[in-house]
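Dear colleague,

Please find the structure below for your reference. My notes on selected side chains and their pairings follow it.

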Amino acid sequence: NALQLSVISSKLLRCLTYDGNISYNSLTDLIYYDKTATSDQPAYINAGKVKLLSIENSLFYRNTKLSVHINFTYMNILSAENYPTTGQRIKSIPQFTANAVISKSILTLQDISLWVMAKLTYYSAQTMAVSAFRDGVPFSDPEYELKASFLPDISMELRWKMISAKFQCK
């Protein structure tokens, strides 16, 4: 069962666009991979139920020399039964993500343009089951906390008619 309310505005202003979604999902009989399963246990488990609320927003500004795109997603567990969760979060999935992308044309000569782009992505903290080796010793933590992170990305793109070449630094 799902319910979704969407707001889509083709143009708030001359160069500005907004999209938004609020959704409720009631999911049953989900199958998930159990990373903590041993060799004599099933790796895939038929899960019970999960009910969640999510919000997605996207704002986009564009003109001939500049574009800015900002979005975020938030997901909150309302209830869960026999599904891998920690508090109000699904394990291994960030509860909150956000992106900001800015592109600027710095050179235009007839059909050729050079664009500089900067992107910043944010992922909130996640809890997950981990089985690995640490300093050559087996390590296992069913509640390992992956810290929140910011990931920058800078690139340049050369555009000529319908062809583009991109140089990226992550």
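D111 is partly exposed because its relative accessible area is 45%, where buried means under 20%, exposed over 50% and partly exposed in between (1.4 Å probe, protein chains only). The model is predicted, so to speak of local features pLDDT must be at least 70, side-chain atom pairs count only at pLDDT 80 or more, and totals for chains, interfaces and linings use all residues. Residues are numbered from 1 along each chain as its sequence is written, and side-chain values use heavy atoms, leaving out hydrogens and water.

D111 forms a salt bridge with K161 at 3.9 Å, N to O; the term denotes a side-chain nitrogen of Lys or Arg within 4 Å of a carboxyl oxygen of Asp or Glu. The two residues are 50 apart, with D111 in the loop between β9 and β10 and K161 in the loop between β13 and β14. K161 is exposed, at 57%.

The whole structure holds 4 salt bridges. Among them is R89 with E145, whose closest N and O atoms are 3.6 Å apart. R89 belongs to strand β8 and E145 to strand β12, so this pair ties together parts 56 residues apart in sequence; strands are DSSP runs (E, at least two residues), numbered from the N terminus. R89 is buried at 17%, whereas E145 is partly exposed at 38%.

R159 and E157 also form a salt bridge, with 3.3 Å between the closest N and O atoms. R159 is partly exposed at 26%, while E157 is buried at 12%.

Kind regards

Note on methods
Helix = DSSP H or I, 4+ residues; strand = E, 2+ residues; numbered from the N terminus.
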